[in-house]
Amino acid sequence: MLALRSKRLVYLSALSFGIIVFTIIALRTTTVQDSIARLKNTYIDKDTEEKDKTPHPKYKPPPSFVPPPISDPFPALATSTPPPIPSYNVPEKDVWKKYGVPIAPPLVIGFTRSWPMLLQTVVSYITAGWPPDQIYVVENTGMQQANTRGQLTLQHPWYLNHTALKKLGVQIVQTPVLLSFAQLQNFYLSLSYTHEWPYYFWSHMDVLALGHENGFEGVTARAGEPGYKSLYTLCLEELNRTLATDQRWGLRFFAYDHLTLQNPRALEDIGGWDTLIPYYITDCDAYSRLAMKKWSQKDANCGVISDTSSALDNLLALYRDPKIEPKFTDPNPPPPPPPEDNQNKKRDGEPTEEGAGPDMSDPVEYWKVLLRVADQMFHYKHGDRGRNTWQGGQHGGRGEPYYYDSLGFTDALDVLTQAGKEVYRRKWGHRDCDLIDGAGLKFEDQWQVVQDW
C-alpha cells in the first residue's frame, strides 16, 4: 500500500513538472505571445487609455502678489454718529426754496463695488454742504438682499454697509439686477418719473468733492467771510440760473460729468442712453446725440470735484478733525518694488515735510491740506498706475452670497467694453468721439452710414 502511494506521488510530481515546462515553452512561442498581447491591448490597455482620456482643466497660476486687505476708512461710524460738518457749510433748512426751484435737488450716486470709494464720495458731498436726505445712493451690485441683510463682509467686492449710510442720513435705492453704466443712467431717468423730479444731479462714486473754501474770484468769498457760498449753494445758484435762462438745457457739467445736472426731458428726447454701448464711449454717444438735438451742455463751477482711485485713510479728515492727518492709500497697490528701488521714496499720500505745518485747528487751513492731497490723488489715478485698478481692491467674499470672482468680473467688463466700442463704430461709421465736428453726422444718421476709416 505504501509503495502504491509512492508511485502516485512520483507520477503527480512528474505531471506537474511537465505542465510547468510545457507552459514555459508555450509562453516563449510567438503565437501564444501574440495572443497575450492582443488580450492586453483589447482589455487592459484600453481601460487605461479611457481613463487617461478623462478631461483635466489646466488652472491659471496663482498671482505672484496679492494686495493686502482693505481697511474701513470710517471706523468711528460703527460706534457713533457722524461729527458735525464745518459750520460754514451747514445748509440752512429748505434753503433751496430761496432759489425759486420747484423741488430740493436730488443728488444720485451709483455704486457697484469698492465701499471705501463710495463712502468717501458720500461723506465729501455731505461735508461740502449737500443735505444728506437729498442724496440717493443707488446700490447697483446685483447682490439682491445680501447687503440689506448684512450677509457680506468688508473684503467682498460688492459689500455695501446699509447701516452706515443710514447713519449718515442718505437715501438708499436698489436696482433689481446688476446694470451696466448705460443702463444705470436710464435707471436714474426712471427714478425721475417715480419721484417726479424735473431735474437731478448725479455723480460718479470715485470722486472727492470739496467746495471753494479759500474763496474763488467771481464765484465765492472765503469760508467764514460774508459772501461765502458752499458747494451745495453754488449748485443751487447754477440750477436757478439754468432754469431761468435756458429753455433747452440738457446738461450742466461740473468737472466734466464727475458731477452733472441732468434734464430728464432731454434724455427722453434722444431715447435715453444706448444700452448696447454699455460702458466706455457710451458717454460720447449720449452727449453727441444731445448736441445733435440742440440740447445745451455747459460747464459750471461749484467746487473742486477730483477724480480719484483711492480713499483717505480716515474720513474724519473731511470733518476737519485736527487729530487726523489727511493721507490716502491705494486699495489695490502694485507689487512692491525691489528694496533698492524703494529707498528714499515716500508712500503714496504721505505728506511732504516743507517747513512748519499748517494750523490744522483752522478748518480753512485744513481744507488747503485736503485740496493738496486731493490733487495728489487725482495725479496718482491718472499716472502710471492705471485709472481703474481701484475696482479690484477687494479680493474676499468667497463662499458668501452671490460671490463672483473679482478678476473674472474685471475681465468680463473688458470684453463688454470692447464689444460696446464696436457697436459704437458700426452705429456711427466713425471710431472717435467727434461725431459732429469730425464726421459731420446728424441724429438721423445712426446705423445709416458706412465706416469712414
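I started with R241, which makes a salt bridge with E238, their closest N and O atoms 2.8 Å apart. My rule for a salt bridge is a side-chain nitrogen of Lys or Arg within 4 Å of a carboxyl oxygen of Asp or Glu. Both R241 and E238 sit in helix 6 (residues 231–245), three residues apart, about one turn of the helix. I take helices (H or I, at least four residues) and strands (E, at least two) as DSSP runs, numbered from the N terminus.

Before going further I noted that this is a predicted model: local features need pLDDT of at least 70, side-chain atom pairs count only at pLDDT 80 or more, and totals for chains, interfaces and linings use all residues. Residues are numbered from 1 along each chain as its sequence is written, and side-chain values use heavy atoms, with hydrogens and water left out.

Then I checked burial, where buried means under 20% relative accessible area, exposed over 50%, and partly exposed in between (1.4 Å probe, protein chains only). R241 is partly exposed at 42% relative accessible area, whereas E238 is buried at 10%. I also found that E238, R241, D246 and R252 are linked in a network of salt bridges.

How many salt bridges does the rule give? The count comes to 20. One of them joins the side chains of K381 and D206, at 2.7 Å from N to O. K381 lies in helix 9 (residues 363–381) and D206 in the loop between strand 4 (200–203) and strand 5 (207–210), so this pair ties together parts that are 175 residues apart in sequence. I looked up burial for the two: K381 is buried, and so is D206.

I also looked at D285 and R289, whose side chains meet in a salt bridge at 2.9 Å, N to O. Both are in helix 8 (residues 282–292), four residues apart, about one turn of the helix. D285 and R289 are both buried.

**Aromatic pairs**

Next I went for the rings, and the structure holds 19 aromatic pairs. My cut-offs: rings of Phe, Tyr and Trp (its six-membered ring) pair if their centres lie within 6.5 Å; planes under 30 degrees apart count as stacked, over 60 as edge-to-face and the rest as tilted. W115 and Y159 have ring centres 6.0 Å apart and planes at 85 degrees, so I logged this pair as edge-to-face. Because W115 lies in helix 3 (residues 115–127) and Y159 in the loop between strand 2 (135–139) and helix 4 (162–168), the pair ties together parts 44 residues apart in sequence. W115 is buried at 2% relative accessibility, and Y159 is buried at 13%.

Y125 and W130 make an edge-to-face pair, 6.2 Å centre to centre with 85 degrees between the planes. Y125 counts as buried at 0% relative accessibility, and W130 counts as buried at 1%.

Which residues form one aromatic cluster? I listed F181, Y188, W202, F253, Y256, W273 and Y287.

**Backbone angles**

I know that most residues other than glycine have a negative phi. So where did I find a positive phi in a residue other than glycine? Q144 has a phi near 55 degrees. Q144 lies in the loop between strand 2 and helix 4, and is partly exposed with a relative accessible area of 36%. W447 is not a glycine either, yet has a positive phi of about 65 degrees. I placed W447 in the segment after helix 10, partly exposed at 48% relative accessible area.

**Two C-alpha distances**

A439 is found in the segment after helix 10 and counts as partly exposed at 28% relative accessibility.

S310 lies in the loop between strand 9 (304–307) and strand 10 (311–312). Is S310 buried or exposed? S310 is buried, with a relative accessible area of 0%. S310 and Q391 are 81 residues apart in sequence, and 9.8 Å apart in space from C-alpha to C-alpha.
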